[in-house]
Amino acid sequence: MSVLVQPLPEVNPLQDQLRFDRRVPPCAIVIFGASGDLSKRKLLPSLYRLFYERRISQNFGVIGNSRTPMSDDQFRDRMKESVSKFLEDAPFDEAVWDSFAQCLFYVPGDLNSPAAYDAIRKKLDQVEQSHQTAGNVVFYLSTQPSYYAEVVEQLGAHGLQHGNGWRRVIIEKPFGHDLESARKLNEQIHQVLDESAVYRIDHYLGKETVQNILAFRFGNGIFEPLWNRRYIDHVQITAAESIGVEGRGAYYQEAGALRDMIQNHLSQVMATVTMEPPIVFDADNVRDERAKLLRAVRIMNPEEVHKFAVAGQYGPAIVGGQQLPGFRQEPGVDPNSQTDTYAAVTFFIDNWRWAGVPFYIRTGKRMPKRVTDIAIQFHAPPLPLFKQQTKTGLLPPRPNLLILRIQPEEGISLRFLSKSPGSGMRVRPVSMDFNYGSSFGERSPTAYETLLVDAMVGDATLYTRQDMVEASWQIVQPILDLWAHEKFDFPNYPAGSWGPKASDEMLARQGHTWRIP
């Protein structure tokens with residue numbers, strides 16, 4: 001018996017109809033860990049927004065699972081509260097919610113209990129009949145990483161990896177704790193699932209600006225010829241956060257900045273910036289090139305780790321009249337913790353395009369502002385004909401700079417030189433800016449909206465593959481190995497600063513300085 005779903009409001013005719021062309025097939029999504037923060041803050045708001053925009057079929061269902069006892073109606077009420085609170089740049093429509101809520105179901109149960117998977121199978125059968133989902137299922141593992149292998153094993157034991165339609169499994173980061181654990185997890189998953197059914201999510205790859213790197217490079221003939229060591233001096237990738245660990249101290253001290261950001265998000269961003277053009281733009285070819293690039297990153301020896309990697313940890317400071325605690329004073333953190341809340345690494349890519357070009361990547365907590373961007377600095381002209389007027393006099397002009405802004409505002413800036421008004425040939429830097437919001441006049445989809453749609457339609461382009469995950473662990477493993485046996489004099493930077501002095505010294509040895517975003 002089919003459920004009568006209330007009709008949605010009419011689509012605004014002024015909206016770009018191309019956004020509605022790529023509709024997903026009927027399917028159900030099973031969210032393990034449905035009562036957690038990720039589900040409440042990202043997954044359910046994203047699914048609601050996709051439903052609101054008619055980008056997913058009304059033949060659709062969501063089955064939440066966690067240990068918390070709840071009925072379907074209680075789950076719907078909780079999710080309504082979360083969606084209305086965390087929905088980004090979009091209105092909450094009661095009529096749309098009433099229709100969407102009819103697609104929400106809940107199955108309580110422990111992930112270690114076989115009975116929970118029997119109950120999920122039964123609920124999937126009911127939803128397939130009532131909502132005509134055609135047996136297509138996405139399983140989303142929004143759980144503690146220690147449960148990933150267990151859940152996949154249970155899916156196999158209960159035959160849930162096969163059905164009337166397709167079955168896919170989305171796995172959140174972190175994928176492993178180091179190279180060895182990542183390889184072991186891959187082996188465990190592949191005992192049940194084929195690689196084509198595994199979607200390892202990295203939400204950075206779903207961000208509009210990260211996707212736009214490919215369009216910017218390979219769709220414009222004026223930039224790609226310059227995208228190499230002949231014209232680019234160095235690249236800086238910054239992911240700074242102004243907040244601390246926000247009550248996640250116990251988790252964070254087991255991870256650290258290098259594991260939490262550089263191993264996954266930022267190494268994938270670097271690969272996207274530097275990969276070779278794919279033969280065709282499809283999932284296999286794009287991921288082949290990204291994986292090939294990661295394998296070309298130079299693996300450091302212990303002596304190079306000391307030269308090209310810097311660890312930091314923030315200490316207490318007064319910022320804006322407010323006393324901020326150091327990491328060691330955060331709840332749940334060991335007062336003698338050696339965890340890195342800041343990491344900066346210089347990578348080199350040993351291929352013909354990038355040989356000799358340093359790639360500086362840094363990330364940290366409690367920095368002056370929240371910003372993520374990629375700054376590509378070009379070589380200076382071979383002969384500085386013009387001088388730039390500064391407070392200290394006339395100096396050679398600063399080189400051209402291309403900035404790809406990922407957050408908080410997505411866009412692109414190009415810095416070049418222009419003559420200052422008046423007599424004399426004096427120049428100063430000016431910027432040409434592109435901003436997503438003002439240029440397109442519409443809301444950009446969130447990263448999770450993009451990635452959820454991709455998983456439902458079977459497009460794995462923006463998901464990481466087994467070889468990519470292992471390659472990204474390989475490039476940070478020597479750093480992790482050395483830092484695990486090294487005693488740091490932490491804290492070594494105050495909250496509200498741009499990191500430890502050693503990070504500046506790392507760039508100074510190459511004749512460079514960190515750019516202030």
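**Cavities and rings**

Mentor: This is a predicted model. The largest cavity has 15 residues in its lining, and Lys173, Phe175, Asn264, Thr464 and Val469 are the ones nearest its centre.

Trainee: What volume does the largest cavity have?

Mentor: About 150 Å³.

Trainee: And how many cavities of 30 Å³ or more are there?

Mentor: The count is 3.

Trainee: Back to the largest cavity: which helices each supply at least two residues of its lining?

Mentor: Those are α9, residues 257-274, and α14, residues 466-484.

Trainee: How does that lining divide into nonpolar, polar and charged?

Mentor: The lining of the largest cavity has 6 nonpolar, 5 polar and 4 charged residues.

Trainee: OK, next one. What's the volume of the second largest cavity, and which residues line it?

Mentor: Its volume is about 40 Å³. The lining consists of Arg298, Met300, Glu304, Phe308, Thr346, Phe347 and Phe348.

Trainee: Which element gives the largest share of that lining?

Mentor: β12 does, with 3 residues. Both α11 (302-308) and β12 (342-348) supply at least two residues to the lining of the second largest cavity.

Trainee: And how many of its lining residues are nonpolar, polar and charged?

Mentor: There are 4 nonpolar residues, 1 polar and 2 charged in the lining of the second largest cavity.

Trainee: Switching to rings. How many aromatic pairs are there in the whole structure?

Mentor: The search finds 22. One to look at is Phe308 with Phe348: the ring centres are 5.4 Å apart and the planes meet at 75°, so this pair is edge-to-face, a label that needs an angle over 60 degrees.

Trainee: Which parts does that pair tie together?

Mentor: Phe308 is in helix α11 and Phe348 is in strand β12, so the pair links parts that lie 40 residues apart in sequence.

Trainee: Is Phe308 buried or exposed? And what about Phe348?

Mentor: Phe308 is buried, because its relative accessibility is 8% and the cut-off is under 20%. Phe348 is also buried, with a relative accessible area of 9%.

Trainee: Which residues form an aromatic cluster?

Mentor: Tyr48, Phe51, Tyr52, Phe92, Trp97 and Phe100 form one.

Trainee: Last topic, charges over rings. Where does the charged end of Arg168 sit?

Mentor: It sits over the ring of Trp166, 3.8 Å from the ring's centre.

Trainee: And which ring face does Arg200 lie over?

Mentor: That of Phe175, with 4.8 Å to the ring centre. Phe175 also belongs to the lining of the largest cavity.

Definitions and conventions. Residues numbered from 1 in each chain as written. Predicted model: local features only at pLDDT ≥ 70, side-chain atom pairs only at ≥ 80, totals over all residues. Heavy atoms only, no water. 1 Å grid on protein atoms, 1.4 Å probe; cavity = no way out; pocket = protein on both sides within 12 Å on 5 of 7 lines; lining within 4 Å. Points joined across faces, edges and corners; volume = space filled by probe spheres on them. Helix = DSSP H or I, 4+ residues; strand = E, 2+ residues; numbered from the N terminus. Nonpolar A, V, L, I, M, F, W, Y, C, P; charged D, E, K, R; others polar. Phe/Tyr/Trp six-rings, centres within 6.5 Å; stacked < 30°, edge-to-face > 60°. Buried < 20%, exposed > 50% of the residue type's maximum accessible area, 1.4 Å probe, protein only. Lys NZ or Arg CZ within 6 Å of the ring centre and 35° of its normal.
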